[in-house]
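I opened a notebook for this structure and wrote down each thing I looked up. The entries follow in the order in which I made them.

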Amino acid sequence: MNMSDPIADMLTRIRNANAAKFDTVCIPSSKMKKSIAEILLNEGYIEKYEMVKSSVNEHFEDIKIYLKYFDGKRKKAITGIEKVSKPGLRAYSSKEDMPQVLNGLGIAIVSTNLGVMTDKECRNKNVGGEVLARVW
């Protein structure tokens, strides 16, 4: 099946696994998805991630994300995750208009010419870019 928005697919898989309180979720890998997983790890939204062989085709790799919960399995680390920029309507932001998620309690994931980074890093480095997702 040809996917038109693989980033939205990744975020939906994480959202669904989090709602079902699964421990892990496997996602087909790409450089962009690995960068997003790295940001989620650095910001404390997931426990860890690792690259594993794909169960569908042994020549490809999947990203196995270990979801994070507090108080056993009662409280989710990711309360909400949503795609901002869509294939039909891209959302770009300049360094001055960089969005804040819940007044700084969440993060916006932004694709810039310096790589994928959070909204806070964009403000510090004075760069703008395409706002991919919001996580809180």
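Predicted model: local features only at pLDDT ≥ 70, side-chain atom pairs only at ≥ 80, totals over all residues.

Entry 1, a helix on strands. I looked up helix H1 and found that H1 lies across S1 and S3 and runs at about 165° to S1. For contact I used heavy atoms within 4.5 Å. Helices (H or I, at least four residues) and strands (E, at least two) are DSSP runs, numbered from the N terminus. Axes are lines fitted to C-alpha atoms, for helices over the stretch in contact, and angles run from 0 to 180 degrees between N-to-C directions. I then turned to H2, which packs on the sheet and touches S1, S2 and S3. The direction of H2 makes about 155° with that of S2.

Residues are numbered from 1 along each chain as its sequence is written, and side-chain values use heavy atoms, with hydrogens and water left out.

Entry 3, the sheet. I found an open sheet of 3 strands in the order S1-S3-S2, with antiparallel pairing. Two strands pair if DSSP finds at least two bridges between them. S1 and S2 are the edge strands, each pairing on one side only. On average, neighbouring strands of this sheet are turned by 25° against each other, direction ignored.

Strand S1 (residues 24–28) pairs with S3 in the antiparallel sense over 5 bridges, and valine 25 has isoleucine 65 in S3 as its bridge partner. Strand S2 (residues 46–53) also pairs with S3 in the antiparallel sense, over 7 bridges. There I saw lysine 53 opposite glutamate 61 in S3.

Entry 5, strand S3. Why is S3 largely enclosed by the rest of the structure? I counted 5 of the 7 residues of S3 (residues 61–67) as buried, so the strand is largely enclosed. Buried means under 20% relative accessible area, exposed over 50%, and partly exposed in between (1.4 Å probe, protein chains only).

The axes of H1 (residues 6–19) and H2 (residues 31–42) come within 10 Å and cross at roughly 40°. H1 and H2 are therefore oblique to each other; angles under 35 degrees count as roughly parallel, over 145 as roughly antiparallel, 65 to 115 as roughly perpendicular and the rest as oblique. I listed Pro6, Ile7, Met10 and Ile14 in H1 as meeting Met32, Lys33, Ile36, Ala37 and Leu40 in H2.

Phenylalanine 60 lies in the loop between S2 and S3 and is exposed, with a relative accessible area of 53%. Not counting residues up to four places away in sequence, phenylalanine 60 touches Val52, Lys53 and Ser54.

I placed arginine 74 in the loop between strand S4 (69–70) and strand S5 (75–76). Arginine 74 is exposed, with a relative accessible area of 69%. The C-alpha atoms of arginine 74 and histidine 59 are separated by 37 Å, the residues being 15 apart along the chain.
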